[in-house]
Amino acid sequence: MARGGDADLSDPQWTDRRWSGAQAYSDSKLFDVLLALGVARRWPDVLSNSVEPGWVATKMGGPGAPDDLDRGPVTQAWLAVSDDEAAKVTGRHFYHQEERSVPAEAHEATVQDALLDYCAELTGTSIRVSR
């Protein structure tokens, strides 16, 4: 759902605009991708990737979700512990252990930095550029 997300940070908490659960969820998925790619760019020695586990049959996903629930966590585990060279990458996005494209804006440093700055403002913790 990141492909339908909006990276505009003018109202990320949805305090001024009319609530849309689907749009808020899509935005949050895009923010996840931006966060992972921004960390990968700022800390190139740390592997940071984003993953979409698929649309699976959970209380949130509903009984008609088409993906296999058992496959949902496989990619995260593979990226975390695998010796496979394909898993030893950073700044990528995966679905079922295959690299998948993300919206072009997710690769833009200015968009990543805007989210990272917003996160730093919220938490008081910044992710500085590694030297």
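Residues are numbered from 1 along each chain as its sequence is written, and side-chain values use heavy atoms, with hydrogens and water left out. Because the model is predicted, local features need pLDDT of at least 70 and side-chain atom pairs count only at pLDDT 80 or more, while totals for chains, interfaces and linings use all residues.

## Nonpolar cores

In soluble globular proteins, nonpolar side chains tend to be buried together. A nonpolar core is here a set of buried Ala, Val, Leu, Ile, Met, Phe, Trp, Tyr and Cys residues joined through side-chain atoms within 4.5 Å. Buried means under 20% relative accessible area, exposed means over 50%, and partly exposed lies in between (1.4 Å probe, protein chains only).

The largest nonpolar core has 11 residues: Ala2, Ala7, Leu30, Phe31, Val33, Leu34, Leu37, Val102, Ala106, Val111 and Leu115. Helix 1 (21-42) and helix 3 (109-123) are the elements that give two or more residues to this core. Its largest share, five residues, comes from helix 1. Helices (H or I, at least four residues) and strands (E, at least two) are DSSP runs, numbered from the N terminus.

Phenylalanine 31 touches Asp6, Ala7, Asp8, Leu9 and Leu115, residues up to four places away in sequence not being counted. Contact means heavy atoms within 4.5 Å. A second, separate core has five residues, among them Trp78, Leu79, Ala87 and Phe94.

## Aromatic rings

A pair of aromatic rings is described by the distance of the centres and the angle of the planes. Rings of Phe, Tyr and Trp (its six-membered ring) pair if their centres lie within 6.5 Å; planes under 30 degrees apart count as stacked, over 60 as edge-to-face and the rest as tilted. A search of the whole structure finds two such pairs, and the table lists their values.

| Pair | Distance of centres | Angle of planes | Arrangement |
|---|---|---|---|
| Tryptophan 14 and tryptophan 19 | 5.4 Å | 75 degrees | edge-to-face |
| Tryptophan 78 and phenylalanine 94 | 5.6 Å | 80 degrees | edge-to-face |

Tryptophan 14 counts as buried because its relative accessibility is 13%, whereas tryptophan 19 is exposed at 59%. In the other pair, tryptophan 78 and phenylalanine 94 are both buried. Tryptophan 78 lies in helix 2 (residues 74-81) and phenylalanine 94 in strand 2 (residues 93-95), so this pair ties together parts that are 16 residues apart in sequence.

The charged end of arginine 17 sits over the ring of tryptophan 14, 3.6 Å from its centre. Likewise, the charged end of arginine 100 sits over the ring of tyrosine 95, 3.9 Å from the ring centre. A charge sits over a ring if NZ of Lys or CZ of Arg is within 6 Å of the ring centre and within 35 degrees of the ring normal.

## The largest pocket

On a 1 Å grid over the protein atoms alone, a pocket is an open set of points where a 1.4 Å probe fits, with protein on both sides within 12 Å along at least five of seven lines; lining residues have an atom within 4 Å of a point. Grid points are joined across faces, edges and corners, and a volume is the space filled by probe spheres set on the points.

The largest pocket holds about 510 Å³ of space. Its lining has 20 residues, of which Tyr25, Lys29, Pro53, Gly54 and Trp55 lie nearest its centre. Helix 1, strand 1 (50-51) and strand 2 each supply at least two lining residues, and helix 1 gives the most, with four.

Glycine 54 lies in the loop between strand 1 and helix 2 and is partly exposed, at 26% relative accessible area. Beyond its neighbours within four places in sequence, glycine 54 is in contact with Asp67 and Tyr95. Glycine 54 and tyrosine 95 are 41 residues apart in sequence and 7.1 Å apart in space, C-alpha to C-alpha.

## Threonine 75 and glutamine 97

Threonine 75 is found in helix 2 and is buried, with a relative accessible area of 1%. Its contacts, leaving aside neighbours within four places in sequence, are Val51, Phe94, Tyr95, His96 and Gln97. Glutamine 97 is placed in the loop between strand 2 and strand 3 (98-99). Glutamine 97 is partly exposed, at 31%, and has a positive phi of about 65 degrees although it is not a glycine.
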